[in-house]
Amino acid sequence: MNAGMPRESLENKKKRVLKVIARLREEYPDAHCALDYTSPLELLVATILSAQCTDERVNLVTKKLFKRCRTARDYAEIQQEELEELIHSAGFYRSKAKSLKGMGLKLEEKHQGRVPKEMDELIALPGVGRKTANVVLGNAFDIPSGVVVDTHVGRLSRRLGFTKSENPVQIEKDLEKIVPQKNWILFSHWLIWHGRALCKARKAQCALCPIVELCPQIGLS
Ligand code: SF4
């Protein structure tokens, strides 16, 4: 935010975020999760694999993986070495393979092989943190349990003056105070799509930006 700008009230931020939402909804009507999946289990696996890895790479890996592992039991029973080989190019393959096997075992033992719809149950699975659980609940079950904060969402939220924090947990809290809950799921997709299209990490293309007059970087100065 520009130096010297008066502190913006929560009420004002709430009004501004609604305008941002309206514009981004128009701009990115097809915004959605970039990971390929056809079931909650596939989305859970893809999200675990997406740590420190691009969505494109994950989609390449899961194309093969989902043919070999179709159920939670398949993940519980596959040999660690074979799984490591299958997911190797997603990086951190040893710990990710361990998480996937542990996840498969726990789903089999506690949830009849199904992915639970509760935050507490999800974050009790190996390799699943709050962010992964929010992705799964929001996109596989349409449950707005929280705003998913990745690097795009963090960067844009700071540029837009919706948070000052670098900490994803705090950013999530700041966003949840101003974004209506019904928009939590799509809000992160809109920011991610906008971050990829124009508000890039290295250089924001503000001259082309459809929300420029709503952004403290330029429009609100
Ligand atoms: S005006 Fe610039 S910094 Fe603000 S959202 Fe648009 S591209 Fe990003």
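The model is predicted: local features need pLDDT of at least 70, side-chain atom pairs count only at pLDDT 80 or more, and totals for chains, interfaces and linings use all residues. Residues are numbered from 1 along each chain as its sequence is written, and side-chain values use heavy atoms, without hydrogens and water.

A nonpolar core is a set of buried Ala, Val, Leu, Ile, Met, Phe, Trp, Tyr and Cys residues joined through side-chain atoms within 4.5 Å; buried means under 20% relative accessible area, with a 1.4 Å probe and protein chains only. The largest such core has 37 residues, and Leu44, Val45, Leu49, Leu65, Tyr75 and Ile87 touch the most other members. Helix 2 (40-49) and helix 8 are among the elements that give two or more residues to this core; helices are DSSP runs (H or I, at least four residues), numbered from the N terminus. Helix 2 gives the largest share, seven residues. A second, separate core of 26 residues includes Cys199 and Cys215.

Val135 lies in helix 8 (residues 130-141). Val135 counts as buried because its relative accessibility is 9%. Its C-alpha atom is 8.2 Å from that of Leu44, 91 residues apart along the chain.

| Residue | Contacts (within 4.5 Å) |
|---|---|
| Val135 | Leu43, Thr47, Ala140, Val148 |
| Leu49 | Val58, Val61, Thr62, Leu65, Ile87, Ala90, Lys96, Leu100 |

The residues surrounding the ligand (a heavy atom within 4 Å) include Arg159, His194, Cys199, Cys206, Cys209 and Cys215.

Technical notes: Buried < 20%, exposed > 50% of the residue type's maximum accessible area, 1.4 Å probe, protein only. Contact = heavy atoms within 4.5 Å. Lists of a residue's contacts leave out its neighbours within four places in sequence.
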